[in-house]
Amino acid sequence: MLKVLAKSELGQFLDKLKQEFRVVAPVRRQYGKKERVEYHPVENSEEIILDSQPDTPPKKFFLPQNERLGDELEGETDLEEGEKETLIFGVRSCDLKAVEILKPVFLDDDFTDTYFQKKLEKTVMFGLGCSSRQENCFCDSLEINPLEGKNVPVNMYDDGEKIWFAVRDKELEKFFADLPDGDAEELEEKKGKWQEEFEKTAITLDLPLPFPELKTFEAPFWHKVSANCLGCGVCTYYCPTCFCFGFFWEKHPEGIDRWRTWDSCMFPLFTKHGGGHNPRETQKQRTRQRIMHKFSYHPQNFDGVPACSGCGRCISQCPVNIDLRVILRTVEKYLKEEEGVKSSG
Amino acid sequence: METNYSEISKKIQEISRKLLEEGRVDRVIGFERGEFTGEMTPVLVTDPEEAENLLFNPECEMMLAKYLLDYGGSTTGIVAKPCDTRAITVYLAEELIKRDEIVIIGINDCQGLEENEACDECGVRNPVVADEEIGQPRQEPVETDIKDDLKDMSLGERFAYFQEEFSRCIRCYACREACFVCSCEECFVDSNQPQWVGFSVGLRDNFTFHLMRAMHMAGRCINCGACELACPEAINMRALTRNLYRVAQEVYEFEPGLDPEEKTLFATYRLNDSEQGFLD
Amino acid sequence: MAKPVMVIGGGIAGIQAAFDLGEMGVPVYLVETSPSLGGRMAQLDKTFPTNDCSTCILAPKISDCYNHEMVTTYTYTDVLDIEGQEGDFRVKVRKNPRYINEDACTGCGECVEKCPVKVPDAYNEGLIKRKAIYKYYDQGVPNVVTIDPEHCLKIQKGRCGLCEKMCDTGAINYEQESEEMELEVAAVIYAAGYEAFQGNEVSEYGYLRHPNVITSLEYERYLSASGPTEGHIQRLTDGEEARKIAFIHCAGSRDTRNDCNYCSAVCCMYSIKQALVTREHSDEIEAIDLYYMDIRAYGKGFESYYNTAEATEGINFRRNRVARLEEDQENGEIIVKGLDDQGRFSEEKYDLVVLGVGLQPNKEVTEMMKRLRIRVNKYGFAATDELDPLATSCKGIFTCGVAAGPKDIPESVIEASGAAAQAAIIARSQPAPEPVKAAKEEEKEVPYRFVDYERVRIGVFVCHCGNNIGGVVDVPRVTEQAEHLPYVEHSEEIKYLCSPDNLELIGDRIKEKNLNRVVVASCTPRTHEALFRQAVSWGGLNPYLMVMSNIRDQNSWVHREEKEKATEKALDLIKASVAKARKSQALERSRVDKLDKGFVIGGGVAGMTAALQLAEIGFPVVLIEKDKELGGNARDLFYTTEGRPARRLLKELQEKVENKDLIETYCGYRATKVEGYVGNFTLTLSPETGESGQEKEIEGGVIVVATGAGELETDEYLAGQSSRVLSQVDLEKKMRDNDLEKDLKKVFMIQCVGSREEPREYCSRICCNQAVNSAIHLKERDPELDITILYRDIRTYGFYEDNYRKARQLGVKFVRFDVEEKPRVEESKEGLSISYRDQVAGIEKTEQADLLILSKAVVAQEESDVLSKQLKVPLNEDGFFLEAHVKLMPVDFATDGVYLCGLAHGPKNLSESISQARAAAGRAAVVLTREYLLTEAMVAYIDSDLCMSCQNCVEVCPYQAISMSEWTGKAEVNRVLCKGCGSCTAVCRPHAADLHGFSNQEIIEEMEAIFADRQPAPLKGEGK
Amino acid sequence: MAGNENFEPKILAFLCNWCSYAAADLAGSSRMQYPPQIRVIRVPCSGRIDPFLLIRAFNSGADGILVSGCHPGDCHYLDGNYYARRRFLMLKELMQYAGIAEERVNFTWCSASEGKRFAAIVDRVVERIKAVGPWEGFDSRGFIRREEEVAGGN
């Protein structure tokens, strides 16, 4: 079914949802001097921002930065039952895709991460089709449709005045029953316009996925593209698909807790061994690892799908404005040249 | 007089090309404009032909000095704002880099950067040390004060303010990496024998981290503002280091990065140093 | 092995001498009359000119000496008689009964608390009372009590006996008797110290009649934080804070009313110190007036100390001869009546008057020396030869410190080291008789168990210390709870852990329970750590795996009324120690080879004496002199300070050096490169420009710096411009060469030329004596000669005062001038004319002179800074070399293995240079006599993986123990030089530098353990 | 923060071995009484004390700290306390600026003969810290970590 909601009535509509869900949506938050948009539990419908990509991805709902895994001696703690499901309202295609990318990693048949799994099971996401290109995003270059979120029960569109809901899940239809029906043609027309906008600003990346591992690994450009990297963890912490974590233990009077916390392959000590050896000692190696993981190793293991959804947050947040697109361009160019050399030679 | 940035950029290109062509440097570190972002980003130029990409304008907010630490044993040219030259001076004072391995392309009469609030507090508008100078040095001194916008808060208010600030910290260490002062091989936060600060990203350890970080800055921080600019969460961690900068200035008449012969604040003392606040 | 040496006197001089001898491998008997070591210095609050806390610097030195394996200390013991000769003395001593079994007494002090009898406390100059059973002073060594038999009720009247009842260790023995012993020694060092004047030597000052007139030693106790008034300046009459205080210099010294005509050498400085400290103590002080004749700030750093005092508000210097002190009957105020420098009578009232009493010999000591046929001077001090200043007239008996004349602490320490060096020569040449008590047991190579890979197993031992801990802390509970701490395998409470059988028990438990860490909860590690470490090593465990908790001195003793809280605190402290023990590491003192040769840089009198001394002790010496021949400044000397021909001395010394096989002399050479460190130096010697010779590289173990000083070059007072203007040195040359004009009528001398004013704010020390001596010689040649000495202060310190008096008696005129109104010198055809202001008459005078003699400043060698950089040793602001510690390490540098003597250290006369040269040689010999050098165990180390080469550690290390490795470019610690202060650790940002025994990890563990109960409850996090 | 009469602070003290620790011992052998809320860690020299250790103390839950070294000029290791003095002053300024009451951060000097002074200092420090109340930690006031707030009880 296709329904429309006047934005002015969003509050009422959310109240309905709130009866059953803990509703999370992109809201505007003031942090110190900085104003940002973040997925956050909604208190007031007016704070909801649908026309701007949230600065942080929804990764934290499935893989929190700090996660207590239970008491070290007593074993894992069971998750608490009976809490409301979380509904994340207005998740864009890139972030939806990111969750899809994380799934096979954590929900492997042999090694299922129950923490991730249980959190995911208790989450419902409403997709949000993009009506305009965001600051540095390029999902369409990675064969992701910015207008059409996959695997979601509901896909939304915001045309500025009203919100369109394409409801695909029967169970959820009850929430939309009261809303007026939308005109499918009108929506298609709007989508067509948005689509055109996207096409105009698209960057064509002709990437062979997965990157040929050896050839790319040994390529000479890595130093150049990593030379200005500081080695902070901003890109990985803001990335919707980066999932590396480390463990630590915390003592307290009642015992010892095991925690996991995000880690970043960009940190110099990420790979340092106990014995002192560090196989990825230089920034070049670390940057290469991050790119290769996303575009070579991950696709090698997971059906050719890169571990990048083109959201562009790593570009926007980088303190020295390193651009993933430029790096990908460099790889593309290099591989083409190599190919050329080979075929001509 | 209006600063002509395209003129400056042209000069940088000329000098860099010459340095590279003559083999005086193995590389030049400067700024270029990003292809897609349109924003300024640090770049490493090794080919004289690429020197034409080098640009300079008030958007060039990153500190380049830190990159020098990676290139010991070879020669590096660096496009240096006055603050970069102060950073270089701090390095020289601790002999972390060798003077004869760097060629400093200093930019005179710095007008400050667009987004960096620290520039308003900076009185050093000409390079402290330079091999090549661009533009005319500013003659009249710039009178500035280190701002203190938390001065009027009560103790409790300040504590709450910093709690709020540091609660946002995600420990991505962008502040650390952007800061030229942070030059340890291994940061104390990464040490687990002993563990100086917990790994969890809770306020308790975040606050501790930022206090320790500030203490490491003391006497070396030049209040360049790079930490604040780098922070994706816009945490005002500079408030702490800036205050220490002011204290060092007032109590010890010490300002780092002005004299390569000067020992760092904590590696020297005077017999009659202040004991302000000590129990008598 | 050497024959023992006896050191008589356990003050700072005796302690230094005994310690140095012990370090040279010579067994020592250290005999002290009072119940504790420490002597006069232990009574002092602060010391000049650094205002160092006396106890702080003395206490570690005492305990080093007392615990030295070669030193046997007899306190409360009198020397009765000495028989025999050099190499073979028999000394009869009597150990007086303390009525305490010293081995059993733990020094806990419970008995002192309970003793009902109060008597005046001699340590506090009788200002307060102590008990009949007492500790001489709190930090006294040995840490045992003494019963004063004259006042003890049990001993006197057979009742009371409370102390015996209190004592759990059974240390009290009312029946104890004195014990006489005869000790065989090779040599004796007299370091018997002094008595202060009583205060009533000059009856006009009314000491004892006027209660508000006190002596400086009494005042010192007032100033002391641990003294009777805890540092408050109160009047004894009414307890009121004293607001106006007068210090009377020379109270008894330099005074014909007393028989002590000499200058007591230290009173000016200590009065200035007391004035400054008083000022610091209180803002209430209105005025501190110092009444003096001359300010004798002649030592190193004294003049600027004096200047500081002069510039201090509220401190006034009054040149005034005090005639008498009277008391205002009404309010007890003291009226100081005197004669000021204009010759006018003065009168002023004060709340308190402090008499700067002088130093006099101990009468019993004087009597004893007379009995032993040791020559004493007319004042009763041991008489010594100016050119052999540490030897008495009796061969084999040496003297140091105030026993041979008034002097300050550094000079006493210098003499002590020098006397030790001389005694060592005799002791080492004598076979050790069997058995020698102090004979060093060759350090056993104890094979400690290797525990690095074992699971930590901690044993906790909690001491009751009788009732001391057990009476406050719930020891059973603490012991029980300690057992449940992580990694604790064994926990045990013990009545007295330090008793010999319980010490053994620790070792047994280690073996029995296979413990690999030990925590001892008892008293303070400052006194007992060494003991418990030893006990742990008996159990086959590395001694550094023992950690102490101080639950007595810093817990049960100070929280007696809060037993519950004290118990909690004890448990916290034990938790901390357990946590620290878990992380503590086996440490060892490693051996480093060393070379036997010594270098002496500088071939003047100091250098030659040092070289000779080292060679006589038995070590090869390389003597380096930049000039073509040996001799230095003394070549220009005509007379010594005491008026003896200097040339003969020099010639004798030169011959001795040249004839000594062990000395290799390089004249015309200069050390151009210095590499290495203590025990292993390499010097490159290069010939001086213009000299022929080969560059040489020589290896050796120690370096003595004796590079001397020079005379100021100036054009002030027409110096160098008129043939009639000479320096003191020129005058001596002329006298030596019989080159003086025959018909001299009038001679002027001007003092302090270039000294005591910018830019040389120091006193050149030797010139007053030089001028007075020259004047005497000129007068003796021609009694008609008119000599006027223009001076600022006459500084004929010590017995040199006799010369000053003699000069005046011979008619030499002394006229004072102010630095603001210096004399003016002009020359015309008629000759020299000198204009000056006559202070007493208050008029300007201009007189003609045939000759003007200038006392020019002694100045540091210009090239000192080169050597200073090569040796990594500092210079002071005047360009003289700066010793490690102005008070107690006057010939050592902070850098190990480098020593200092002579004028390079600061201005001094021949005799003083000789003493210091002997001392430097002695200190150097300490290193050379060792078979190998032993490093400290608790030293810094650097993780080169973390080091970022910023060199801050190099900057802050006071011992030059850190350098940058040539190979890795990273910092590295020289374990031989490191003293374990940890300055590098705190300044190291990447925490590459850390400190064994006090590592970051250990301290953090301690902290965590203490606050374990303050850790927040588990955070409610995700996943729960 | 209000003072709390029943509040039992726990204060961490770092004392240098040669002067201040000796002063504390002297206070003991002279049986001077002072409040028991202090826990002493012995270090060789005040120059050994890395300010990080002091910051760490607050992380661990100390209500306050006291550091005492030899008086300037008296340092057993020549000049360790001069270096320490600079670090301590800067640390004090830092802590106060960050909103930690200066009463919690105490520095002083005590010589080996100042047992009385040591006892008085402890008295004062305990009073000072009692007056500002318990240290509730850097995460006081029930401050919730940001991502917890976001992720809720999920």
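At 24% relative accessibility, Leu78(D) counts as partly exposed, a class that lies between buried (under 20% relative accessible area) and exposed (over 50%), with a 1.4 Å probe and protein chains only. Leu78(D) sits in the loop between strand 3 (64–69) and helix 3 (80–97) of chain D. Although Leu78(D) is not a glycine, its phi is positive, about 75°. Helices (H or I, at least four residues) and strands (E, at least two) are DSSP runs numbered from the N terminus.

The model is predicted: local features need pLDDT of at least 70, side-chain atom pairs count only at pLDDT 80 or more, and totals for chains, interfaces and linings use all residues. Residues are numbered from 1 along each chain as its sequence is written, chains are lettered from A and ligands numbered from 1 in the order in which they are written, and side-chain values use heavy atoms, with hydrogens and water left out.

Chain C has a residue of this kind as well: Leu718(C), with phi near 65°, a positive value in a residue other than glycine. Leu718(C) belongs to the loop between strand 36 (709–711) and strand 37 (725–727) of chain C.

| Bond | Omega | Loop holding the proline |
|---|---|---|
| Gln193(B) to Pro194(B) | near 0° | between helix 4 (174–178) and helix 5 (203–217) of chain B |
| Val141(C) to Pro142(C) | about 0° | between strand 10 (133–134) and strand 11 (146–147) of chain C |

Glu847(C) lies in strand 43 (residues 843–849) of chain C. With 18% relative accessibility, Glu847(C) counts as buried. Its side chain makes a polar contact of 2.7 Å with that of Lys746(C) and another of 2.4 Å with that of Tyr836(C). A polar contact is a pair of N or O atoms within 3.5 Å; within protein, one must be able to donate a hydrogen and the other to accept it, and residues adjacent in sequence count only if both atoms are side-chain atoms. Beyond its neighbours within four places in sequence, Glu847(C) is in contact (heavy atoms within 4.5 Å) with residues including Phe748(C), Leu832(C) and Ile834(C).

Helix 13 (residues 500–513) and helix 14 (residues 525–538) of chain C pack at an angle of about 40°, their axes 7 Å apart. Axes are lines fitted to C-alpha atoms, for helices over the stretch in contact, and angles run from 0 to 180 degrees between N-to-C directions. Among the residues that meet are Leu503(C) and Ile506(C) in helix 13 of chain C and Leu531(C) and Phe532(C) in helix 14 of chain C.
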